[in-house]
Amino acid sequence: MESAEEYLFEYNGCYFVKNLTTAEYLDTLNDFKIRDSDVFLVTYPKSGTVWTQNILSLIYHEGHRNGSEEADLLDRVPWLEYKFRDIDYVNRTSPRLFSTHLPYYLMPEGLRNGRTKVIYVARNPKDVFVSYYHFTKINIHIKDAQDFEIAMERFLAGKMPANLWIDHIEGWSAHRDDFNIIFLTYEEMKKDLKSCVLKICNFLGKSLAEKEVDKVVDMASFNKMKEDPRANYETMAPDVLDNNKGHFLRKGTIGDWKNILTVAQSERFDSIFKERLEKLPFKFCWDIKDEL
Ligand code: A3P
């Protein structure tokens, strides 16, 4: 097993996965030319990125909704900092949709134009960690600790791609006035997806007919996505994800951490995050049965 440091590299204070991007490429992002019509989906890993990528693709592409187009999410809403596909971002037609795990301070400078839309999706950190722990089993490049306790301590020390969960979300939240941004949580999407789809449409200025919205909601359900090769990430190159070892769309619920973390481990999370969490302007939900 490699240590966290061996599969990660640090660039301007942030960890990235070796083999998947380079410092030279990241250097180019500061000057990456932003268009007003671009849309950026920002998340910390395992917080609902693929889910929201799918929602964006379904909102913007009728051919995705009616099944006439085969493009998958890696083409539709490609990663800014990880170029999994050979896509010409510069000459891509508008509106360009991008996904990223970048902290606010590494985003292209032009994004602070106050017009380009940014959607940030956050998820409670206990479910994020449990999801991430399983993800490390299928991701060939993230050779993280097999030992649960060690993996947890790395997560709580921010030794993972995109660093510490609370730093990421706090950074974006504190700098919200620099961007044209909305914040959503995985938990509110899970509780009431239709309201969240409408909120996203409203933010994007996209007015879909009621039945189109219903189609987006239906096709963004966990079970439909799991079956949809355009949306389940099983089209990711086999040298990145090993689908024989598990699925990207794993459980898709709130509170799975309760099945895995001991009381002491859960309290350890609280001791690291609770105080700072209470200062954030978001309400997290820790169990599928809890009210938001
Ligand atoms: P679990 O591992 O808890 O199941 P990301 O895309 O940011 O990497 O996040 C992945 C997590 O989002 C996984 O969580 C995955 O199952 C969940 N997810 C993806 N699509 C979903 C959907 N339609 N509904 C609920 N959860 C979804």
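Which hand, left or right, does the crossing of H10 and H11 have? In this predicted model, the crossing of these two helices is right-handed. Helix H10 spans residues 193-204 and helix H11 spans residues 210-219; their axes come within 10 Å and cross at roughly 120°. That angle makes H10 oblique to H11. On the H10 side, the contact involves Leu193, Lys194, Val197 and Leu198, which meet Glu210, Val213, Asp214, Val216 and Val217 of H11. Sorted by class, the residues of this contact are six nonpolar, no polar and three charged.

Helix H6 (residues 125-138) packs with helix H7 (residues 148-156) at an angle of about 125°, and the two axes lie 11 Å apart. H6 is therefore oblique to H7. The crossing of H6 with H7 is right-handed. Pro125, Val128, Phe129 and Tyr133 form the H6 side of the contact, while H7 supplies Phe148, Ala151, Met152 and Phe155. Here the class count comes to eight nonpolar residues, with no polar and no charged ones.

Stepping back to the chain as a whole, the fold holds 13 helices and six strands. Its radius of gyration is 18 Å, close to the 19 Å that the globule rule gives for 292 residues, so the chain is as compact as a globular protein of that length. Taken along the principal axes, the C-alpha atoms fill a box of roughly 50 × 45 × 40 Å. Of the 292 residues, 55% are buried. Contacts across the sequence also deserve a mention: among those between residues at least 6 apart, 72% join residues at least 24 apart.

Finally, a single residue can be followed through its surroundings. Lys245 sits in the loop between helix H12 (222-227) and helix H13 (263-279). The relative accessibility of Lys245 is 57%, and because the cut-off for exposed is over 50%, Lys245 counts as exposed. Leaving aside neighbours within four places in sequence, Lys245 is in contact with Lys137 and Ile138. Both of these partners fall within the residue range of helix H6, 125-138, which leads back to the helix pair described above. Val90, by comparison, is 155 residues from Lys245 in sequence, and the C-alpha atoms of these two residues are 36 Å apart in space.

Methods
Residues are numbered from 1 along each chain as its sequence is written. This is a predicted model: local features need pLDDT of at least 70, side-chain atom pairs count only at pLDDT 80 or more; totals for chains, interfaces and linings use all residues. Side-chain values use heavy atoms; hydrogens and water are left out. Axes are lines fitted to C-alpha atoms, for helices over the stretch in contact, and angles run from 0 to 180 degrees between N-to-C directions. Helices (H or I, at least four residues) and strands (E, at least two) are DSSP runs, numbered from the N terminus. Angles under 35 degrees count as roughly parallel, over 145 as roughly antiparallel, 65 to 115 as roughly perpendicular and the rest as oblique. A crossing is left-handed if the near helix is turned anticlockwise from the far one by less than a right angle, and right-handed if clockwise. Contact means heavy atoms within 4.5 Å. Ala, Val, Leu, Ile, Met, Phe, Trp, Tyr, Cys and Pro count as nonpolar, Asp, Glu, Lys and Arg as charged, and the others, Gly among them, as polar. The radius of gyration is taken over C-alpha atoms; the globule rule is 2.2 Å times the number of residues to the power 0.38. Buried means under 20% relative accessible area, exposed over 50%, partly exposed in between (1.4 Å probe, protein chains only).
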